Amino acid sequence: MAKRAWRQIRPILRALTRHRTAALLIVLQVALTLAVVSNAMFVVGTRLVHLSRPTGTDEKNLFVVVNQWAPDLDADAIGARMRGDVATLRRVPGVADAFASEAYPLEGGYGVLAEVKREAGQTTKPRLGIMYFGDEHAIDTLGVHLVEGRNFRPEEVIDLPPGSDAAASVVIITRSLAHKLFDGEAALGRTVWLSDGPARIVGILETLQGPYAGSTTRSIDEDTILYPARSMSPTMGTVYLVRSQPGALTSVRKAAVDALWAESRKRIIDPESGVVTLVQAREHGYATDRSVALMMCLVSVLLLLATGAGIIGLSSFWVGQRRRHIGVRRALGATASDVSTYFQLENFLLVGAGVVGGSVLAYAANISLLHLYELAIMPWYILPLAASALWVLGQAAVFAPARRAARIAPVAAIRNL
Amino acid sequence: MLGYYAALALRSFRGGKALTLLIVTLMGLGVATCMVAYAVFRVSAGDPLPGRSGSLFVPQIDNFGPTRTVGGEPPTQLSYTDAMALWRARDGRRLSLVYPLTMVNEPADGVSLPASLEGDAVTRDFFAMFDAPFRYGHAWSESDDVGRASAVVIGDRLNRRLFGGKDSTGQTLQLDGHVFRIVGVIADWNPRPRFYDVATIGQPFVRRGDIFVPFSRAVDLAKRSPYGYCSSTTADTRVPDFNAWLHSECDWIGAWVELRGATDIERYRQYLTAYSATQQQVGRFGWPPNVRLSSLPQWLASLKIVPKATTLSLIVAVSFLGIAIVNVMGLMLARFMRRSAEIGIRRALGASRRAIYAQFGVEAAAIGAAGAMLGVVLTWLGVAGSRFVFEPDIAAWARMDPGLLVTTTAVAVGATLCAALYPTWRAAQVQPAWQIKTDG
């Protein structure tokens, strides 16, 4: 059977040279489709990996209250308010824990970027980390795992009015940052220099994503510093991170804001954007990635459908054009399955030629997109995957026309059109 | 004669319904995908002030020096010192200083909750330079700028929220605990990208502009811009005192100047260089003048505000149209060549080659027109639904307007022409004798 099929290759090739343009159009179409679909799928893949990264926190039970201060409050008053507010929040029924910070995971910006040096007089380029301010409740609220060392102690948390050069004496950092700072050596107990002075690393977190994730940073998204401080800024406001008891988030959200308003009206909590769950933050932060992935998927599906439809159209035409020729072959002893194999094989060869040309095109497109868009070189397995998809598509598309061809009776050879 | 060809075309459509439908659908989908992506791209790459943008310029002065600048480019904002120098030297030109701020409105009734209002501190020329249309009132006066008046121009949205959309000029607004007099209400104004403060706070497609207050008054109230870029990371970032902040080498003010004609532009450029040279002479700058003067389009291009995702989507969509054209070309070829016998007979009966061109040209044009119409309809739908597959902030502003309609039609016609030329030519090449011999 297979041998019979292979014997048809030469006549197929000879026939194709007589339909050069139509054959070329199919090859071109398959090549372009392969180039676009493989790159699109690669983009989708990278986006999906990017947007499904975990923050390391207990996302589904976390929400934040974005709080601005009334303009007549000074730093001291704000400090007092912050202490009062977190105490109030922790008392709200259904709240597991809460703390005050200046940024939150998946926010897409606003975190304090810190240069981290290993020595006071370090002249080489310092590592960058992103800070969350917090107190001894931060770890519990976020639901992150402390893998080494200890939590902050209440007396270690400093007050930071604007312009202050006070410095905390201890920090907790993520394993990722620790690894980058000390090249895999033990980081616990070591001292690092931030812009305000030395701080001892007292704890290491398993993972905690910085607030920029979802926007543009990638390389330092996991390099996070928990800094024991209360930022009492009249202009920047405060972000309260609150963790609810499992499942209680929806009801606790409103109760928490009401409790804050009852505590004081010297604040602004935007009725629309003032309360954000981390689930919403994730949705918003990765909106671009999601839309890019969706767009690429949509275009790829349309493209494959179009190519499939095009193949059906052209194959039907060929079958129609070769009725006499098929009839003659049938009359001379070719079986119905010989005829359908002929068309399947022809399609296989055409798609094959397209795949070869398309692979070159795909890599050319990939390389020219490298600088335009943050893309890596396409991994090798994408092309064979896309190529097999096209082969399957081609075979499926040609199936019906080939069946129709197989049904042509030998008598067609002598009948007029 | 054309009528006869149209009738022939109609008959052939009836003959190959599926194929015709396929070609029209492919054409429509290809055009629509391409145009929806373009509609979104157009929003982000658009000119926010058509007709004016060529006369609006952004001056940049390097107060960081070669060790702190990125790639030798001066910072995108100005320090207070330099902004004030430009302000004093405006010499009859329109000039606007801009920085974004947020102010708190505490309602007098004691019941409503306080709200934070986003806007910009600007100088008076801002409104005239950027064609901001006033619904009520007008910009504040020159003397308000000098006298640091508590005047405010509010946006349409805020006016609707606080005053139910009525003329609120002459009323007062509490901002950060101070009483501001409303002098004007801007009608619905939303230039995209929001170019005037985008270099400071980014988010070019997010609407701000609830309040505009005099620059001098905002400085008076020690209002800081939410972002400042300082010449060193350690020394200046925590400048505590506002007065010290004003005299620091931190950059936070955007400047816009209106220049008309090449001589004026050149003169201003020379002024910037001369000013920078003076700063070097007095020892403030330890480097030779490094200044830029960019027009609004150049400025937006240098800020690279078109998101990469948008460009990428456009590239993919254009490729899709290209593939659709190749596809349609193949299918049209099949359509036309299937009728070789018919062509042969027509030729044999005396139809000229030109007549065949006309016949198949009409048929291709009819298919193209159908495809174009489908394309326009699908584009319309696609633009309406674009926020689901494109960046929502940008796609929200994508609109089907006459311009896009014309472009869509033009693209559809062009695409059809591309796809139909070769098949039509092939049809006209059919040899009458050969056809009659083999098939007749």
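Q: In which helix of chain A does A:T307 lie?
A: This is a predicted model. In it, A:T307 belongs to helix α9 of chain A, which spans residues 287–321.

Q: Is A:T307 buried or exposed, and why?
A: Burial is read from a count of neighbours: a residue is buried if 20 or more other C-beta atoms lie within 10 Å of its own. A:T307 has 27 C-beta neighbours inside 10 Å, so A:T307 counts as buried.

Q: Which residues is A:T307 in contact with, leaving aside its neighbours within four places in sequence?
A: Within chain A, the partners are A:Q29, A:V30, A:T33 and A:L393, and chain B contributes B:N327. As for separation, A:F399 is 92 residues away from A:T307 in sequence, and their C-alpha atoms are 14 Å apart in space.

Q: How many residues does the contact take from chain A and from chain B?
A: Chain A gives 45 residues and chain B gives 44. On the side of chain B that touches chain A, the elements giving two or more residues are α2 (17–45), β4 (115–122) and α12 (308–338). Of these, α12(B) supplies the largest share, 20 residues. Sorted by class, that side of chain B has 25 nonpolar, 11 polar and eight charged residues. For the complex, the predictor gives an ipTM of 0.83 and a pTM of 0.83.

Q: How many helices and strands does chain B have?
A: Its secondary structure comes to 17 helices and 12 strands. Among contacts in chain B between residues at least 6 apart in sequence, 77% join residues at least 24 apart.

Q: Which element of chain B has the lowest mean pLDDT, and which the highest?
A: Where pLDDT is low, the predicted coordinates should not be read in detail. In chain B, the lowest mean belongs to helix α17 (residues 432–439), at 60, and the highest to strand β9 (residues 211–214), at 96. Chain B as a whole averages 87, with 95% of the residues at 70 or above.

Q: What does the domain assignment give for chain A?
A: Domain 1 takes in 2–52 + 289–411, and domain 2 covers 71–265. The centres of the two domains of chain A, taken over C-alpha atoms, are 55 Å apart.

Methods:
Residues numbered from 1 in each chain as written. Chains lettered and ligands numbered in written order. Predicted model: local features only at pLDDT ≥ 70, side-chain atom pairs only at ≥ 80, totals over all residues. Domains from an automatic or database assignment. pLDDT = per-residue confidence, 0-100. Helix = DSSP H or I, 4+ residues; strand = E, 2+ residues; numbered from the N terminus. Contact = placed C-beta atoms within 7 Å. Nonpolar A, V, L, I, M, F, W, Y, C, P; charged D, E, K, R; others polar. Buried ≥ 20, exposed ≤ 12 C-beta atoms within 10 Å, placed from the backbone.
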